[in-house]
Amino acid sequence: MSYEFRDYPDREMLAIDLANVIAGELRAALGHEERVALAVAGGTSPGPVFDALCAADLDWSRVDVLLTDERWVPETSERSNTRLLRERLLVDRAAAARLLPLHADAEAPEGRLDELAAAIAPVLPLAVVLLGMGADRHTASIFPGADKLDEALAPDAPILLPMRAPGAPEPRITLSAQVLDGAMAKHILIYGAEKRAVLEGARGLPVRDAPINAVLEDAVVHWAE
């Protein structure tokens with residue numbers, strides 16, 4: 001498995017550089033496509049990247065932004081990653097981008113999957129994806145031990161899957177591994193010595209035990225202490 005590892009002296013420099021790289025990739029894709037899609041992880045780690053990327057000078061009106069995964073909670077919830085996107089990425093110049101939602105008004109995700117996936121299908125393949133990785137080697141909401149793990153990792157997986165995993169307090173919805181891995185440019189953001197060791201320890205493990213391995217080929221890993 002081959003990927004590029006970029007080591008930064010600090011997190012601020014990483015965020016600025018990664019934002020510039022993503023902006024450049026989006027501009028390049030817009031040079032030959034009418035619309036392009038950017039999928040990003042939620043959580044706190046990518047926030048500083050969003051703070052820099054939102055001001056990038058590009059035609060955001062032709063960019064579709066979506067999450068790689070989402071907790072099945074309303075946008076008003078503190079645990080909503082959609083809320084984070086609206087507050088930190090879809091502002092400044094990036095306010096012109098179109099958000100493709102990964103949540104709808106329903107008790108459970110199963111009944112709304114087809115509707116949400118239908119909005120995503122026309123923008124595939126993704127131009128750029130920004131992923132994270134957990135200490136258990138999960139990425140997006142593709143967790144070891146999750147109920148739909150095998151389906152999410154399958155080569156013929158659907159665009160979206162509902163996911164329930166041990167320790168996750170609410171259902172999740174996630175892009176499948178084949179959608180994430182099919183992005184034209186793949187970036188993985190990790191911080192700290194522990195995550196670096198977890199990533200290195202994933203090498204050679206079965207993808208069911210280390211779902212991050214499903215997207216690592218030809219990716220760029222961005223790391224700072």
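Visitor: Hi! Which strand does His-222 lie in?
Guide: In this predicted model, His-222 belongs to strand β10, which covers residues 220-224.

Visitor: And is His-222 buried or exposed?
Guide: Buried: its relative accessible area is 0%, and the cut-off for that word is under 20%.

Visitor: What else does His-222 touch, leaving out residues up to four places away in sequence?
Guide: Its contacts include Arg-6, Leu-14, Leu-18, Ile-188, Leu-189 and Ile-190.

Visitor: Switching to the sheet: in what order do the 7 strands run?
Guide: The order is β1-β10-β9-β6-β2-β3-β5, in an open sheet with parallel pairing.

Visitor: Which strands stand at the edges, then?
Guide: Those are β1 (4-7) and β5 (98-99). Each has a single partner strand, so one side of each has no neighbour in the sheet.

Visitor: How many bridges link β2 and β3?
Guide: There are 5, between residues 36-40 of β2 and residues 63-67 of β3. Within that pair, Ala-37 is opposite Asp-64 in β3.

Visitor: Which strands does helix α3 lie across?
Guide: Helix α3 (residues 81-88) lies across β2, β3 and β5, at about 140 degrees to β3.

Visitor: Last topic, rings. Which ring does the charged end of Arg-11 sit over?
Guide: That of Tyr-191, 4.2 Å from the ring centre. Likewise, the charged end of Arg-196 sits over the ring of Trp-223, 4.6 Å from its centre.

How values were computed: Residues numbered from 1 in each chain as written. Predicted model: local features only at pLDDT ≥ 70, side-chain atom pairs only at ≥ 80, totals over all residues. Heavy atoms only, no water. Helix = DSSP H or I, 4+ residues; strand = E, 2+ residues; numbered from the N terminus. Buried < 20%, exposed > 50% of the residue type's maximum accessible area, 1.4 Å probe, protein only. Contact = heavy atoms within 4.5 Å. Lys NZ or Arg CZ within 6 Å of the ring centre and 35° of its normal. Pairing = 2+ DSSP bridges. Axes fitted to C-alpha atoms, helices over the stretch in contact; angles between N-to-C directions.
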